[in-house]
There are 2 protein chains.
Amino acid sequence: MESAIPEHLKTTRSRHRRIPDDYVPPYPSFVARHKPKVARVVMAYFGLQYQGEAPPAAASALGDIAARFADAQGPAHWDRAQYFDQAGYSNVVSVAYWDDAAKFDTWFDAAREAWTGRANGIGRYIEVLRPAVARYETLFSSPDRAEGVAVMAEGMSGEVQEHAYWGGMRDRIPLSQTDEMAPGGKPALERDGSRLRIVPHDNLCLIRSGQDWSDTDAAERKLYLEEVEPVLREGMDFLRDDGVRIGCYTNRYMRVLGADGSPTEKSYGQSWWHSLAALERWAESHPTHVRIFGAAMKYLSTLGPAAKLRLYHEVTVAAAAEQFFEYRDCHARTGMLAAVAVD
Amino acid sequence: MESAIPEHLKTTRSRHRRIPDDYVPPYPSFVARHKPKVARVVMAYFGLQYQGEAPPAAASALGDIAARFADAQGPAHWDRAQYFDQAGYSNVVSVAYWDDAAKFDTWFDAAREAWTGRANGIGRYIEVLRPAVARYETLFSSPDRAEGVAVMAEGMSGEVQEHAYWGGMRDRIPLSQTDEMAPGGKPALERDGSRLRIVPHDNLCLIRSGQDWSDTDAAERKLYLEEVEPVLREGMDFLRDDGVRIGCYTNRYMRVLGADGSPTEKSYGQSWWHSLAALERWAESHPTHVRIFGAAMKYLSTLGPAAKLRLYHEVTVAAAAEQFFEYRDCHARTGMLAAVAVD
């Protein structure tokens with residue numbers, strides 16, 4: 001059993017964990033381990049938005065960004081997913097990860113200009129976090145298939161202690177050793193011609209929380225798709241439609257796409273929050289998520305190592321200077337635009 | 001909105017609450033407020049145990065202890081409840097509360113001798129905590145009907161902030177401002193002739209968690225008895241039968257008795273725990289309690305002030321010197337005896 005916080009990020013605590021030192025979680029979980037030299041990562045979401053069938057401009061933009069991702073200064077890993085938002089638009093989001101912020105900085109300006117620099121008839125957005133490694137955490141139910149930011153990690157930890165209790169998410173973030181991570185301010189809108197930017201605020205929170213049922217056999221797949229997924233979807237819909245009043249600016253329940261653009265048996269929820277505390281409160285008290293958690297606890301405790309469903313997440317609490325949000329020709333409830341008044 | 005921790009028990013914190021200062025709970029709750037001069041309370045459980053119909057010795061003992069409770073040095077409040085334990089015995093427990101430990105000390109010796117000093121053909125036990133006021137907390141869904149230790153309080157608080165999230169229980173205990181309240185040691189058995197005593201350990205935890213459906217109308221009563229109570233019972237049964245491995249030494253799901261000895265529409269669960277942390281883990285992760293909590297959150301958030309179901313609890317984390325456990329002619333799984341090997 002090891003701490004989710006790696007040795008080189010341990011500091012003298014001014015804040016305690018929520019568990020006693022002899023706590024033993026009821027089932028195993030794992031976290032991504034970067035090389036100690038990695039100081040900062042970049043998570044960049046490039047979104048496309050359109051109604052109806054994909055117009056040629058969409059395919060063109062997706063091809064262009066994929067080509068840019070293949071650059072020498074491009075990301076260490078990327079994936080692509082799709083969802084239909086509350087306004088009836090299709091959104092295709094390509095998420096790219098770097099573990100070298102200098103590379104990203106070299107790469108980004110041209111990619112940004114290509115993505116949001118001119119009109120092409122469809123909506124586009126860029127949402128970037130570049131957190132110091134002390135500002136995010138990951139969690140995986142299995143150590144043998146990385147997703148998201150973890151793909152570029154050196155590897156997975158052994159079984160970690162800080163999970164399967166409310167507060168584990170916070171306790172896994174190294175900065176929680178010394179910092180409450182309270183939010184500072186509210187998002188504001190900044191116009192730059194047709195580009196709308198969100199002026200971020202300190203300690204905004206991002207979660208990407210994924211599900212992978214591709215390895216399940218028929219019985220487990222049925223259990224997941226009939227018992228767990230509908231409860232998850234209900235929670236995702238709540239956050240999408242009513243999240244703002246509890247501090248969730250926006251939520252996307254994404255279906256991961258394969259290389260050929262067809263849906264895979266993987267999904268993830270991605271949401272932006274006013275604070276880690278707001279995310280904690282929803283997770284532990286909203287009936288939909290309480291049921292999700294209860295179902296997952298029971299599922300993983302019961303099936304144990306036999307479970308083929310894979311669950312993971314990555315949670316970041318970003319400083320204001322670590323955030324970038326830019327939207328062009330998107331509807332007013334797109335991403336962080338939902339957090340401000342757009343005329 | 002006020003803190004559950006009264007002004008005179010506030011200290012310079014070395015440990016943080018689990019919520020930000022701007023946290024607003026989703027429904028109101030209240031805590032008992034003692035006069036500041038109350039330094040310590042006493043909670044004394046006098047249990048009788050027998051099989052089948054109540055023998056004459058039971059009625060005699062119950063009459064005797066009730067008469068003693070009426071003494072000038074007797075408790076400020078007491079009540080009585082019954083349950084059938086896992087070994088098939090009926091247990092009648094009279095619980096008495098003092099807010100003046102000196103009075104209790106004057107009163108107790110003779111009452112103890114009368115209760116466990118000689119054989120009378122039935123099992124008897126005494127379980128006492130005498131915590132400093134910084135070592136316990138209460139919580140009530142309504143401010144207008146006190147139960148248990150709260151009956152002898154000066155009154156109820158206004159709406160308190162620290163509730164409706166996991167960790168609120170700990171955050172309401174004043175000692176949590178500076179102390180993890182980690183358990184010290186394990187219970188041990190001490191024989192004194194026919195009396196078996198449990199040598200206690202630091203930071204043992206007691207919860208009495210009550211339900212009162214006496215004021216509900218037909219529709220709400222049906223909702224409680226059909227949707228909530230069975231889930232609660234399932235959780236209580238789990239703790240009774242399988243609690244030891246998760247740190248619950250013993251659990252009693254009691255039905256409160258009226259003055260004439262007949263069951264009322266009130267119940268409470270009473271359980272002894274190795275630590276507050278063990279109680280927290282069960283409450284927030286065991287499927288039965290997660291369902292209880294989810295049901296209660298939904299119930300109270302939905303019905304709001306219209307709800308007539310009343311819920312309350314009192315939770316104590318006692319120092320070793322604040323505990324007393326004595327058993328005579330009881331079966332080996334009675335109360336804290338379940339925590340040790342009794343030949």
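Helix 5 (residues 276-285) of chain B is mostly covered, with 8 of its 10 residues buried (buried: 20 or more other C-beta atoms within 10 Å of the residue's own; exposed: 12 or fewer; partly exposed: in between; C-beta atoms are placed from the backbone). Among these buried residues are B:Leu276, B:Trp282 and B:Ser285. Helices (H or I, at least four residues) and strands (E, at least two) are DSSP runs, numbered from the N terminus. The model is a predicted one, in which local features need pLDDT of at least 70 and side-chain atom pairs count only at pLDDT 80 or more, while totals for chains, interfaces and linings use all residues. Residues are numbered from 1 along each chain as its sequence is written, and chains are lettered from A and ligands numbered from 1 in the order in which they are written.

Helix 1 (residues 56-69) of chain B has 14 residues and reaches 20 Å from its first C-alpha to its last, close to the 20 Å expected at 1.5 Å a residue (the expected span is 1.5 Å times one less than the number of residues). Its buried residues are B:Ala61, B:Ile65 and B:Arg68. They cover an arc of only 55 degrees around the axis, which puts them on the same side of helix 1 of chain B; the arc is that of the directions from the helix axis to the C-beta atoms. On the other side of this helix, B:Pro56, B:Ser60, B:Gly63 and B:Ala67 are exposed.

Strand 6 of chain A pairs with strand 13 (residues 310-318) of chain A in the antiparallel sense over 5 bridges, and A:Phe140 has A:Tyr312 as its bridge partner. How many of the 5 residues of strand 6 of chain A are buried? The count is 5 of the 5, so this strand is largely enclosed by the rest of the structure. In a regular strand the side chains alternate between the two faces of the sheet. In strand 6 of chain A, A:Tyr136, A:Thr138 and A:Phe140 lie on one side, with A:Glu137 and A:Leu139 on the other.

Elsewhere in the sheet, strand 11 (residues 248-257) and strand 12 (residues 263-273) of chain A pair in the antiparallel sense over 8 bridges. Within this pair, A:Met254 stands opposite A:Tyr268.

The loop between strand 12 and helix 5 of chain A holds A:Ser275. This residue is buried, with 22 other C-beta atoms within 10 Å. Leaving aside neighbours within four places in sequence, A:Ser275 is in contact with A:Ala182, A:Pro183, A:Asn203, A:Cys205 and A:Gly247 (contact: C-beta atoms, placed from the backbone, within 7 Å). The C-alpha atoms of A:Ser275 and A:Val317 are separated by 7.6 Å, although the two residues are 42 residues apart along the chain.

Finally, the two chains meet where 22 residues of chain A are in contact with 22 residues of chain B. Helix 6 of chain A gives the most to the side of chain A that touches chain B, with 6 residues.

Note on methods
Pairing = 2+ DSSP bridges.
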